[in-house]
Structures are given as structure tokens and as C-alpha cells.
Amino acid sequence: MAAKKVLELKPNPRTGRYRLISGNWKMNLNHLEAIQLVQKLYFGLRDVDYGFAEISIHPPATSLRPIQLLIESDRMHFSLGAQNCYFAPSGAYTGEVSAQMLSKLNVKYVIVGHSERRRIFGETDEVVALKTKAILAEQMTPILCVGETAEEREAGETDDVLMRQVRLAVADLSAEVVATIVVAYEPIWAIGTGLVATPEDATSGAQLIREELARLYGGDVAERVRIQYGGSVTPVTAHDLLEADGVDGLLVGGASLDAEAFSRIIRA
Ligand code: PEP
């Protein structure tokens with residue numbers, strides 16, 4: 001086994017929060033291609049690149065086990081993430097994977113409520129809340145995705161949508177637990193479309209989310225929650241989005257499938 005290097009992850013001096021950059025591979029790459037991509041990413045990063053943000057990788061479920069073994073055997077400084085889970089621990093739910101099963105694979109972060117799951121698979125805010133709870137019960141961290149559609153934005157409903165999605169997802173949780181979650185502000189009009197929100201858009205979304213959390217759980221809790229921006233992030237836009245006020249990291253889809261692009265985002 002390779003000797004473990006001690007690489008120090010530093011919090012953002014402005015906020016005290018640790019940044020998180022996550023790669024959501026969606027339904028792409030078989031497990032052999034997935035191993036190659038992680039290796040390519042690993043060899044393309046220098047020690048110093050791990051100091052700025054924690055990096056989580058979210059492959060499809062079929063690649064979780066091989067990537068877990070790769071990360072652990074080579075002591076790579078990547079956190080393993082999943083894209084989804086079901087809320088029941090086990091049972092007659094054909095095709096589903098439970099939070100318990102993910103935690104056995106040392107999964108640390110689980111994306112929940114991604115807009116593709118809400119839109120294509122009909123996930124409601126109630127289902128998102130149940131999944132969030134199941135993930136937390138297994139000592140994993142949910143990355144709760146919230147965001148408005150283009151129509152909602154044009155109708156001036158962004159605030160209502162974000163506040164509702166946040167409020168319902170964390171409805172039954174204690175303040176202590178809420179402080180540990182990650183929220184990804186993902187304007188739906190920017191996901192996979194090439195349309196990137198401006199840093200000002202990212203800040204205003206993050207601010208709305210934090211204000212709603214502060215209203216529900218108090219300012220201290222809201223200040224501890226990490227908020228990512230997601231939506232067509234590229235190496236060119238990453239720096240300004242990461243520097244945007246209130247933004248603690250990025251959720252990256254398409255660009256995370258390219259080792260060179262994703263490592264440039266990490267270095268941004
Ligand atoms: C996503 O899948 O969460 C995402 C932000 O995708 P993309 O970066 O491709 O827009």
C-alpha cells in the first residue's frame with residue numbers, strides 16, 4: 001500500500017467553512033472507464049491541489065465498489081459520493097439501493113433531490129426529505145439539490161421555490177443535524193445547458209438558502225451549512241463562482257467527466 005501523505009485541507013479564511021467540489025458523473029462510464037478516469041484525475045493533481053477543497057466523486061452505482069477499492073488502496077484524497085439512494089433500509093424495492101448499502105461502501109456524500117431525479121423520476125419534496133433523513137441516519141452527508149426552472153425564474157418565483165425545497169427537505173431534522181448538510185444551488189436552466197449563472201446569481205441563490213435556514217434554525221446553523229453552486233461549470237467559470245460570496249464549492253456535471261477539465265476546476 002502507498003504511504004499516506006498528510007495533505008492539509010484548509011478552510012476558507014473568509015467563512016471558516018471547508019469547500020467541497022463534487023463531480024456528478026450521472027449515468028456515464030462503465031466501471032472500467034470509471035477506474036481510468038479516477039486514475040487520470042489523481043495523476044493530474046499535485047499535493048497542493050488538495051488543500052483548497054475536498055473533492056468528492058459521484059460515479060454510477062455500478063462503479064462505487066471498484067472506485068472505493070481504488071481510493072482506499074492507493075490512499076487517494078478523494079471522497080466517495082453516490083448520486084441517489086432509496087429511503088427504506090431494505091425490502092421489496094426492485095432496482096433501488098439503500099443508504100445503508102452505500103454507507104457500507106464508505107460513501108461519504110450522497111446527492112439527493114437532483115433536478116433530473118425530480119423531473120424525470122417524479123421525486124417530490126416529501127421523498128427528498130425521506131431520503132435526506134435516511135442518508136443522515138447512516139452518518140453520511142446529503143448534498144441537497146435545489147433550484148428553479150427557467151419558467152419559475154421568469155415568473156419571479158425563484159425565492160419561493162428555493163425556500164420551499166429547503167424547508168421541506170429538512171423539515172424533521174434537528175438544528176445540529178441540519179448544520180452538517182451540504183446544499184447545492186442548481187438553477188435548472190443552467191444544468192447541462194451551457195448557460196452558466198453569474199457569480200451574482202450564485203450569491204443570491206446561496207443567500208436565499210442561508211436566509212431560509214437561518215429563519216428555521218437560527219443564524220449559527222445557517223452559517224455552518226455549506227452551499228455549492230452547480231450548473232454548466234467549466235474551468236473558465238469556476239474561479240469566479242468559487243469566489244462568489246456565500247458559495248462554498250461546486251457541483252460539476254459534464255466537466256467532471258474530463259480529467260483535465262475537472263482538475264483545472266479544482267485548481268481554479
Ligand atoms: C449537475 O449534474 O448537477 C450539473 C451541474 O451538471 P452540468 O455541470 O453538466 O450542468
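Biologist: Before we start, what counts as a helix or a strand here?
Modeller: Helices (H or I, at least four residues) and strands (E, at least two) are DSSP runs, numbered from the N terminus. This is a predicted model, in which local features need pLDDT of at least 70 and side-chain atom pairs count only at pLDDT 80 or more, while totals for chains, interfaces and linings use all residues. Residues are numbered from 1 along each chain as its sequence is written, and side-chain values use heavy atoms, with hydrogens and water left out.

Biologist: OK, where does Glu148 lie?
Modeller: Glu148 is in the loop that runs between strand 5 (141-146) and helix 6 (150-154).

Biologist: Buried or exposed?
Modeller: Glu148 has a relative accessible area of 0%, so it is buried, where buried means under 20% relative accessible area, exposed over 50%, and partly exposed in between, with a 1.4 Å probe and protein chains only.

Biologist: And what does the Glu148 side chain make a polar contact with?
Modeller: Its partner is the side chain of Arg153, at 3.5 Å; a polar contact is a pair of N or O atoms within 3.5 Å, and within protein one must be able to donate a hydrogen and the other to accept it, with residues adjacent in sequence counting only if both atoms are side-chain atoms. Leaving out residues up to four places away in sequence, Glu148 also touches several others, including Tyr185, Glu186 and Trp189, where contact means heavy atoms within 4.5 Å.

Biologist: Switching to the ligand, which atom of Glu186 lies 2.7 Å from a ligand oxygen?
Modeller: A polar side-chain atom of Glu186 does, and a polar backbone atom of Gly192 is likewise 2.7 Å from an oxygen atom of the ligand. For Gly253, a backbone N or O atom lies 2.8 Å from a ligand oxygen.

Biologist: How much of the ligand does the protein cover?
Modeller: It covers 95% of the 290 Å² of accessible area that the ligand has on its own, with areas from the Shrake-Rupley method and a 1.4 Å probe.

Biologist: New topic: how many disulfides turn up?
Modeller: Zero in the whole structure, taking a disulfide as a pair of cysteine sulfur atoms within 2.5 Å.

Biologist: Last one, what does the side chain of Ser263 reach?
Modeller: Ser263, in helix 12 (residues 259-267), reaches the backbone oxygen of Ala259 with its side chain at 2.9 Å.
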